[in-house]
Protein chains: 4
Amino acid sequence: MQDIVEGIARSMGEKLGVKYYVDYGRLLRDSEVDAVIIATPTFLHRDMVIEAAEAGKHVFVEKPLAVRVKESLDILSYVRKRGVKLQVGYMRRFDAAYRRARQVIEEGGIGKPTMFVSIARDPAPPPGWGSDPSKSGGIFLDMLSHDFDLARWLVGSEISEVYVVGGNYIYEELRKTGDLDVVSILFKFMNGAQGFIHGARRCAFGYDLRTEVYGSEGVVYIGSYEDNMFAHGDSRGITKKGVAWFERRFYEAYVEELKSFVKAVLDDKEPEVTVLDGLRAVEIAEACWRSFRERKPVKVEMH
Amino acid sequence: MQDIVEGIARSMGEKLGVKYYVDYGRLLRDSEVDAVIIATPTFLHRDMVIEAAEAGKHVFVEKPLAVRVKESLDILSYVRKRGVKLQVGYMRRFDAAYRRARQVIEEGGIGKPTMFVSIARDPAPPPGWGSDPSKSGGIFLDMLSHDFDLARWLVGSEISEVYVVGGNYIYEELRKTGDLDVVSILFKFMNGAQGFIHGARRCAFGYDLRTEVYGSEGVVYIGSYEDNMFAHGDSRGITKKGVAWFERRFYEAYVEELKSFVKAVLDDKEPEVTVLDGLRAVEIAEACWRSFRERKPVKVEMH
Amino acid sequence: MQDIVEGIARSMGEKLGVKYYVDYGRLLRDSEVDAVIIATPTFLHRDMVIEAAEAGKHVFVEKPLAVRVKESLDILSYVRKRGVKLQVGYMRRFDAAYRRARQVIEEGGIGKPTMFVSIARDPAPPPGWGSDPSKSGGIFLDMLSHDFDLARWLVGSEISEVYVVGGNYIYEELRKTGDLDVVSILFKFMNGAQGFIHGARRCAFGYDLRTEVYGSEGVVYIGSYEDNMFAHGDSRGITKKGVAWFERRFYEAYVEELKSFVKAVLDDKEPEVTVLDGLRAVEIAEACWRSFRERKPVKVEMH
Amino acid sequence: MQDIVEGIARSMGEKLGVKYYVDYGRLLRDSEVDAVIIATPTFLHRDMVIEAAEAGKHVFVEKPLAVRVKESLDILSYVRKRGVKLQVGYMRRFDAAYRRARQVIEEGGIGKPTMFVSIARDPAPPPGWGSDPSKSGGIFLDMLSHDFDLARWLVGSEISEVYVVGGNYIYEELRKTGDLDVVSILFKFMNGAQGFIHGARRCAFGYDLRTEVYGSEGVVYIGSYEDNMFAHGDSRGITKKGVAWFERRFYEAYVEELKSFVKAVLDDKEPEVTVLDGLRAVEIAEACWRSFRERKPVKVEMH
């Protein structure tokens with residue numbers, strides 16, 4: 001356990017019953033440490049991942065991999081050079097519903113995936129650095145890279161071209177940092193399939209996260225805008241709550257992704273979400289920003 | 001078309017482009033009339049059906065068949081004697097969802113039907129005679145005989161014993177006429193299956209009508225407490241409306257049941273809901289009243 | 001009642017109890033006829049509407065108004081010149097769920113409409129002329145002009161720019177006629193709002209039609225991919241059917257739109273869906289085809 | 001941590017990083033232990049709880065409190081005599097959906113609770129002692145005492161009279177031990193409200209657990225027969241899975257109930273589910289068995 005604030009490092013270390021460090025370099029020099037989990041702000045990922053790789057530690061890094069493509073390529077080269085494993089925290093791949101969607105698709109349950117649709121609305125924008133595109137990559141990377149990753153994973157093809165419509169509709173503070181609050185992305189996959197992602201940094205009733213993949217023989221639907229475990233009917237009609245936000249909605253997925261990472265390290269296997277997956281998401285997000293600025297469809301530059 | 005109020009008879013007759021009568025007897029003497037649809041208050045059914053049967057007309061009579069078992073037996077004997085056809089207006093049997101439930105059951109999709117559950121909540125009690133048990137048969141007959149009919153039809157066995165808990169919780173005016181507003185019926189089928197029906201004369205959000213039949217290999221569910229065609233999410237959560245009340249909910253079923261009756265007459269076949277089905281519902285309702293008064297399970301007396 | 005096939009004209013006329021014609025011109029010369037309902041293939045609309053307008057008859061014309069913008073402008077000028085009313089058959093505006101969505105939006109229930117999303121998947125392509133873009137306008141006009149109309153009506157702003165991704169994925173026969181079977185449209189409204197429409201000419205389980213409008217204070221959702229009136233649970237899980245196709249899904253809306261048209265004529269008021277609404281849908285569809293061919297966002301040319 | 005199998009005790013102790021015991025008496029003599037969690041088969045509860053109480057330890061005991069009323073009364077007297085706290089593991093009270101139901105009811109959101117309905121279907125009967133009524137209390141106690149507890153808690157009144165219909169429909173092995181597999185209970189509350197609980201030891205698609213409480217001003221619905229996080233539409237229709245079984249469905253509730261117990265001990269407060277609540281559930285279950293044997297409604301004997 002490491003945190004630059006000693007109080008946090010100590011209390012968390014004690015709570016978890018593990019060693020703790022204030023200094024990241026010292027943690028990396030600890031020979032008992034095989035792997036690190038980096039859950040710091042995005043703009044710190046590049047240096048911390050590279051330092052860990054240099055120290056020969058395997059790395060689990062929170063999504064996204066890095067703020068820019070260039071930083072991601074730096075990470076890629078160090079990780080490869082040192083032969084350490086790296087997994088990116090796209091935890092939705094470990095959620096039971098998304099996993100089942102992929103299984104149904106792989107079993108031919110929708111025919112050929114032809115259209116990917118994802119709608120993602122958060123209750124509120126992230127505080128602090130998360131709303132500063134120079135530190136977080138902005139809405140396309142910080143929020144919607146989950147959906148880029150799902151799109152590639154579920155359709156089984158790379159995203160080749162994106163066209164963005166977006167703007168500032170709700171939060172004036174996002175306009176100041178250069179971020180957007182409501183965006184839409186229409187895109188093409190290399191295999192000819194179509195895709196659409198819509199994201200908003202606000203949802204009046206909580207968290208609205210839905211994905212569907214269409215094929216000529218069927219459709220898979222993931223997510224719901226309502227929690228169906230409770231309803232209250234009265235003279236106004238029937239009222240439900242929205243689904244719990246990500247920390248509870250994906251609680252099991254967070255556990256599963258870490259189990260998967262540990263297993264990949266122990267079994268010396270490729271992690272389920274690779275450094276290349278992480279790079280792709282950053283490339284697509286950069287293409288989205290370019291399309292937004294140039295107001296036209298642009299190719300995704302793949303490295 | 002006949003109505004004892006001349007204005008209604010005329011305007012409806014003209015609207016429908018058919019002959020109209022104020023006098024029921026004259027209508028029955030019209031040799032062009034093959035069959036009559038009796039949609040009058042329940043307490044008028046006995047005499048009107050018998051008069052029609054005496055005149056050799058086939059009869060479609062709104063549910064329930066009659067207020068009492070004795071009256072129903074009168075109807076039965078006249079109808080049989082004159083050889084006319086009689087169909088009772090249990091239209092839910094003609095609704096697509098209930099029909100599909102029966103089809104699934106018949107195809108073995110739930111194994112052996114073991115438990116029948118029906119919940120029926122109306123927005124409000126019926127006005128006028130409908131809330132006077134001496135004229136309508138009360139909540140068991142006027143409202144829940146639909147569910148008795150469904151239970152027999154879906155489970156494929158007669159109801160042999162009923163136990164009732166019920167009372168006056170909401171409408172003081174129903175207490176005065178001797179009717180009840182919230183009731184529960186636990187019952188047994190002759191084949192050993194179990195059944196439960198709950199009815200209430202009020203539902204704050206409209207119309208809550210659900211039925212399910214359980215077997216060891218599956219369950220069929222009919223109905224919903226919410227209309228899933230529209231939802232509004234805002235800071236209070238997600239709000240939907242209840243399902244439309246019976247006239248719109250069962251619009252197609254009402255059309256289908258009349259088509260079925262006409263076809264039975266033209267093809268000289270047994271109607272889908274027979275005079276015996278009508279009698280059974282009245283017998284069960286009478287048993288419910290008896291159980292309510294005697295506060296114990298009672299046998300259904302079948303004739 | 002008019003049909004060029006005498007047998008159809010006669011049998012329908014007799015069934016409905018109305019006069020019938022084989023010759024459209026004779027029907028238009030009938031002074032008892034105040035208005036006509038034109039439900040012919042799209043490519044016949046222009047001439048038939050103009051002929052009716054010339055004869056001074058009010059016109060209800062099935063959607064879309066005409067195959068091309070030029071034809072629509074012809075209609076517009078004749079209708080205006082002769083002062084007859086014209087309503088276009090965008091019946092979804094008369095469906096209870098869509099109407100309620102509009103009411104909630106107008107009452108401020110979602111804040112400012114910021115994002116329109118519509119997904120429309122039909123069970124199968126239309127037979128005959130419906131799949132020939134030169135006669136039907138193709139998927140954008142024949143199928144998705146419903147959604148263009150809803151977008152304008154619900155968001156309350158004109159569509160100014162469209163970008164299309166589409167192709168032939170399923171039906172080879174559509175490729176031959178030049179039509180498409182899976183398309184996506186990302187668009188902008190004049191007021192800055194965003195919109196997305198996805199259409200497919202096939203849906204494995206039936207009819208999947210959903211629309212949502214997002215604002216910072218709420219979201220309205222219309223439609224569902226499942227009929228919630230029946231479910232069957234067995235060892236495979238819980239299975240439901242899709243929603244009934246348009247003729248039954250929108251049965252009441254079809255009745256309401258005609259009532260509305262008759263009322264507009266009798267009360268001498270503007271119809272709820274005007275000739276200009278019809279023109280706009282054709283303009284947007286033409287822009288979609290242009291965007292598809294030119295592979296870039298294009299402006300909608302409004303007349 | 002204590003288990004009579006040394007291997008289990010040791011491995012669990014090590015995994016959790018806590019002391020472990022094979023001998024229960026030794027654990028109770030450990031002065032560092034303030035409270036015990038008893039999660040053994042029901043027939044062991046009486047002696048283990050009493051032994052713990054004698055040792056002055058607070059007790060969290062899995063539901064139900066004990067197999068028989070007599071044993072429960074023994075527990076009650078020892079717990080009171082020694083002044084230790086006891087909480088019974090009716091975890092559904094700590095589930096977010098049930099908690100919200102209670103809150104809505106307390107805030108008047110349904111008016112006066114008038115009808116309680118609960119349907120509980122398990123995927124399969126419990127293995128081993130769980131299906132032997134002499135050790136588990138049978139279906140009424142082992143399975144449906146959850147619902148008795150909810151009924152009392154949500155309606156806010158004691159259950160005064162029960163009438164049972166039940167039998168052996170599916171599992172011959174249950175008939176041999178004297179247990180039942182499908183049962184229905186119609187009951188009365190002391191305040192005049194009605195209640196119904198239906199339980200089955202089999203559900204073809206998994207776990208079907210729903211509760212609703214009706215009042216004149218509204219209804220609360222808890223639970224669903226389907227998991228709405230994933231759907232697969234294909235030519236057979238739309239298919240979903242059932243809800244995860246209790247260990248995952250109530251994962252958070254299990255955590256919350258233990259937190260609540262710890263807090264009650266630390267704050268020296270009455271636990272949220274008391275020994276009296278535990279006793280009531282056993283009394284009601286015994287009344288159910290009596291009603292089943294005597295085939296008539298019976299009073300619940302409260303101590």
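Reply: Chain D is superposed on chain B, with an RMSD of 0.0 Å, by a rotation of 180° with 0.0 Å of shift along its axis, where copies are superposed by least squares on the C-alpha atoms of residues with pLDDT of at least 70 in both. The same surface serves both of these copies, since 100% of the contact residues of chain D recur in chain B; two residues are in contact if their C-beta atoms, placed from the backbone, lie within 7 Å.

All of this belongs to a predicted model, in which local features need pLDDT of at least 70 and side-chain atom pairs count only at pLDDT 80 or more, while totals for chains, interfaces and linings use all residues. Residues are numbered from 1 along each chain as its sequence is written, and chains are lettered from A and ligands numbered from 1 in the order in which they are written.

The contact between these two chains takes 30 residues from chain D and 30 residues from chain B. On the side of chain D that touches chain B, the elements that give two or more residues are strand 4 (113-121), strand 5 (159-167), strand 6 (182-189), strand 7 (194-200), strand 8 (208-215) and strand 9 (218-222) of chain D. Helices (H or I, at least four residues) and strands (E, at least two) are DSSP runs, numbered from the N terminus. That side of chain D is made up of 17 nonpolar, eight polar and five charged residues, with Ala, Val, Leu, Ile, Met, Phe, Trp, Tyr, Cys and Pro counted as nonpolar, Asp, Glu, Lys and Arg as charged, and the others, Gly among them, as polar.

Inside chain A, three strands form an open sheet in the order 1-2-3, with parallel pairing; two strands pair if DSSP finds at least two bridges between them. Strand 1 (35-38) and strand 3 (86-88) of chain A are the edge strands, each pairing on one side only, and the twist averages 10° from one strand to the next. Four bridges link strand 1 of chain A with strand 2 (residues 58-61) of chain A in the parallel sense, and Ile37(A) has Phe60(A) in strand 2 of chain A as its bridge partner. Helix 11 (residues 251-267) of chain A packs on this sheet, touching strand 1, strand 2 and strand 3 of chain A, and its direction makes about 165° with that of strand 2 of chain A. Axes are lines fitted to C-alpha atoms, for helices over the stretch in contact, and angles run from 0 to 180 degrees between N-to-C directions.

In chain B, an open sheet of three strands has the order 1-2-3 and parallel pairing. Strand 1 (35-38) and strand 3 (86-88) of chain B stand at the edges with a single partner strand each, so one side of each is left without a neighbour in the sheet. Strand 2 (residues 58-61) of chain B runs parallel to strand 3 of chain B and is joined to it by three bridges, and Gln87(B) in strand 3 of chain B is the bridge partner of Phe60(B). Helix 3 (residues 45-54) of chain B packs on the sheet and touches strand 1, strand 2 and strand 3 of chain B, its direction making about 160° with that of strand 2 of chain B.

Lastly, in chain C, the axes of helix 5 (residues 96-106) and helix 8 (residues 145-155) come within 9 Å and cross at roughly 30°. That makes helix 5 of chain C roughly parallel to helix 8 of chain C, as angles under 35 degrees count as roughly parallel, over 145 as roughly antiparallel, 65 to 115 as roughly perpendicular and the rest as oblique.
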